[in-house]
Amino acid sequence: MAEERRSWDKAEFAAKAKTRLKDAYDELRKPTKSGGFRDRQPREPLPPSRAFLKGRDYTLNMEEKYGKTQVVTANLPAAQQAGFYCKVCDCVVKDSANYLDHINGKKHQRHLGMCMRVERVGVEQVREKFAELRRKRDAEQ
């Protein structure tokens, strides 16, 4: 009992594909209630504007838990678990290196309302910053 391979009528399927494409195009070209056409894809809303990345204005106390031991139980709240707790993201990071990676990372910065881009500055702004730092250094001496 020999089975033959099924043969396809290429012309018939090409005609079906052509009519399917035409119907889809006609559906897109129907006017909407507002009078426009559906041929344009709806745009995603723009993300909220975020501030440029900026330096920390506080110091991190990484020595806070140095040399301390803690009993870990299963029913402790996140803020009291072993490791470093991030109030902004509500997460616990187990060691200081990962905590630094977390607070400098994209997820944490987004929760703070910042994007990961740094503001571009011109030559004049750099000169002004140097002059400000010089004045500050001279005032300390």
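Here are a few friendly notes on this predicted model, going from the overall fold to its salt bridges.

1. Let's begin with the layout. The chain holds 4 helices and 4 strands, and along the sequence they run in the order α-β-β-β-α-α-β-α.

2. Next, the surface. Only residues under 20% relative accessible area count as buried, and 10% of the chain's 141 residues fall in that group. The chain exposes about 13500 Å², with 52% of this coming from carbon and sulfur atoms.

3. A word on contacts. Taking those between residues at least 6 apart in sequence, 33% link residues at least 24 apart.

4. Now to the charged side chains. Side chains of opposite charge can pair when their charged atoms come close. The count here is 3 salt bridges.

5. One of them joins Lys 16 to Glu 12, with 3.8 Å between the closest N and O atoms. The two residues sit 4 apart in helix H1 (residues 10-28), so about one helical turn separates them. Lys 16 is partly exposed at 41% relative accessible area, and Glu 12 is partly exposed at 40%.

6. Helix H1 also carries the pair Asp 26 and Lys 22, again 4 residues and about one helical turn apart. Their closest N and O atoms lie 3.1 Å from each other. Asp 26 is partly exposed, at 35%, whereas Lys 22 counts as exposed, at 52%.

7. Please look at helix H4 (residues 123-140) too, where Glu 124 and Arg 127 are 3 residues apart, about one turn. Their side chains form a salt bridge with an N to O distance of 3.2 Å. Arg 127 is exposed, with a relative accessible area of 52%.

Note on methods:
Residues are numbered from 1 along each chain as its sequence is written. This is a predicted model: local features need pLDDT of at least 70, side-chain atom pairs count only at pLDDT 80 or more; totals for chains, interfaces and linings use all residues. Side-chain values use heavy atoms; hydrogens and water are left out. Buried means under 20% relative accessible area, exposed over 50%, partly exposed in between (1.4 Å probe, protein chains only). Contact means heavy atoms within 4.5 Å. Accessible areas come from the Shrake-Rupley method with a 1.4 Å probe; for residues, only the protein chains shown count as cover. A salt bridge is a side-chain nitrogen of Lys or Arg within 4 Å of a carboxyl oxygen of Asp or Glu.
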